[in-house]
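Let's take a walk through a protein together. Have a look at the sequence and the 3D view first, and then we'll go step by step.

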Amino acid sequence: MQKEDSNNVVLAVTGGSGAILAKGLAEALLKTGMTVLFVCSRYGRMMWREELGEPLETAMDEWTDLGNVITFNPGDLAAPIASGSFPVRASCIAPCSMATAASIATGVGSNLIHRMADVAIKEQTPLVIVPRESPLSPIHLRNLLTLSELGVTVLPPMPAFYKYPSTVEDVVYDVTQRTIVAMGLRESLPGSLQYRPKRFET
Ligand SMILES: Cc1cc2nc3c(=O)[nH]c(=O)nc-3n(C[C@H](O)[C@H](O)[C@H](O)COP(=O)(O)O)c2cc1C
């Protein structure tokens, strides 16, 4: 099977703030009909409980109704997604902590998230990271530039102010749809997210 024909997509979650983005992305990816191969770091899990007020398992129980999801332990370096021989269409890390970005950029990664990203880069399959930090230090910027130069899409969760978002859900929807387009799973953004100059509105 060609990797671009695979039904597998990877969603990795790390300990940057923004668990709501990870939740929105998991649901949006499941709605595409793809099998979601899910891995969450220890701090990603902690952030989930802090920011969403529920353990990750509560959401995972709901995902089984939405589609196929397979979960891996971040310490399991023998998981299929640790190998380039396993077909994966596209991968994303959302939110992506600066620690994870640094590990991937320097190639000294130690967990399954770092390894699957290393594999995506070497196999040249789409990898999107949604970094979360502010302000960004020169170290962060250098690591993000390294990843961008390696073909990784660096997609910060910046609100599309020109679409006048009024809720966090608006921002999450925009970021998740952009991520799905960047992963190559959808050709373009939904019409409601596309820029339309006011003079073209009827
Ligand atoms: C409450 C809290 C918020 C954090 N927010 C961020 C963040 O937005 N971005 C970031 O890069 N790290 C953040 N961190 C630090 C990471 O969680 C930490 O560097 C961790 O080692 C990341 O590991 P991981 O990438 O394996 O999940 C935060 C930590 C805590 C406890």
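Which element gives the largest share of the shell around the ligand? Keep that in mind as you turn the model, which is a predicted one. The answer is α4, with three residues of the shell.

Now let's see what else sits around the ligand. In total, 13 residues surround it, and the closest are Thr 14, Gly 15, Ser 41, Ser 97 and Met 98. Two helices each supply at least two residues of the shell: α2, which covers 42–52, and α4, which covers 98–106.

Next, step back to the chain as a whole. You can count seven helices and six strands in it. Starting at the N terminus, their order is β-α-β-α-α-β-β-α-α-β-α-β-α.

How does this chain fill space? Along the principal axes, its C-alpha atoms take up a box of roughly 55 × 45 × 40 Å. A compact globule of 202 residues would have a radius of gyration near 17 Å, and the chain has 16 Å, so the two agree. Of the 202 residues, 40% are buried.

Finally, think about which parts of the sequence meet in the fold. Take the contacts between residues at least 6 apart in sequence: 78% of them join residues at least 24 apart.

Terms used:
Residues are numbered from 1 along each chain as its sequence is written. This is a predicted model: local features need pLDDT of at least 70, side-chain atom pairs count only at pLDDT 80 or more; totals for chains, interfaces and linings use all residues. A residue is near a molecule or strand if its C-beta atom, placed from the backbone, lies within 6 Å of it. Helices (H or I, at least four residues) and strands (E, at least two) are DSSP runs, numbered from the N terminus. The radius of gyration is taken over C-alpha atoms; the globule rule is 2.2 Å times the number of residues to the power 0.38. A residue is buried if 20 or more other C-beta atoms lie within 10 Å of its own, exposed if 12 or fewer, and partly exposed in between; C-beta atoms are placed from the backbone. Two residues are in contact if their C-beta atoms, placed from the backbone, lie within 7 Å.
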